[in-house]
Amino acid sequence: MLFTLCVLLGKTPRELGELRRRDPLNYEFLEAALRERLKRMTGW
């Protein structure tokens, strides 16, 4: 999940960690949106 977020957002893991620390609600939204997209694509 972290790797996919890094690729899609063009950020490093350190930058994502900073985003999570600064704005946890926005980070949770990004994770949830990515999880839903992956579910739709894979049919889980």
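**Packing of helix α3**

The buried residues of α3 pack against α1 (2-9) and α2. The model is predicted. Three residues of α3 are named here as buried: Y27, E31 and L34. These residues cover an arc of only 65° around the axis, which puts them on the same side of α3. The face of α3 turned away from this buried side carries exposed residues. These are L25, F29 and R40.

Helix α3 comprises residues 24-42, and helix α2 comprises residues 13-22. Their axes come within 5 Å. The crossing angle is roughly 120°. Angles of 65 to 115 degrees count as roughly perpendicular and those over 145 as roughly antiparallel. The two helices, α2 and α3, are therefore oblique to each other. On the α2 side, the contact is made by L16, L19, R20, R21 and R22. On the α3 side, P24, N26, Y27, L30 and E31 take part. Five residues of this contact between α2 and α3 are nonpolar, four are charged and one is polar. Y27 and E31 belong to this contact and are also buried in α3.

At 1.5 Å a residue, the 19 residues of α3 should span 27 Å. The end C-alpha atoms of α3 are 27 Å apart, which agrees. Just after α3, G43 takes a positive phi of about 75°.

Technical notes. Residues numbered from 1 in each chain as written. Predicted model: local features only at pLDDT ≥ 70, side-chain atom pairs only at ≥ 80, totals over all residues. Heavy atoms only, no water. Axes fitted to C-alpha atoms, helices over the stretch in contact; angles between N-to-C directions. Helix = DSSP H or I, 4+ residues; strand = E, 2+ residues; numbered from the N terminus. Parallel < 35°, antiparallel > 145°, perpendicular 65-115°, else oblique. Contact = heavy atoms within 4.5 Å. Nonpolar A, V, L, I, M, F, W, Y, C, P; charged D, E, K, R; others polar. Expected span 1.5 Å × (residues − 1). Buried < 20%, exposed > 50% of the residue type's maximum accessible area, 1.4 Å probe, protein only. Arc of directions from axis to C-beta.
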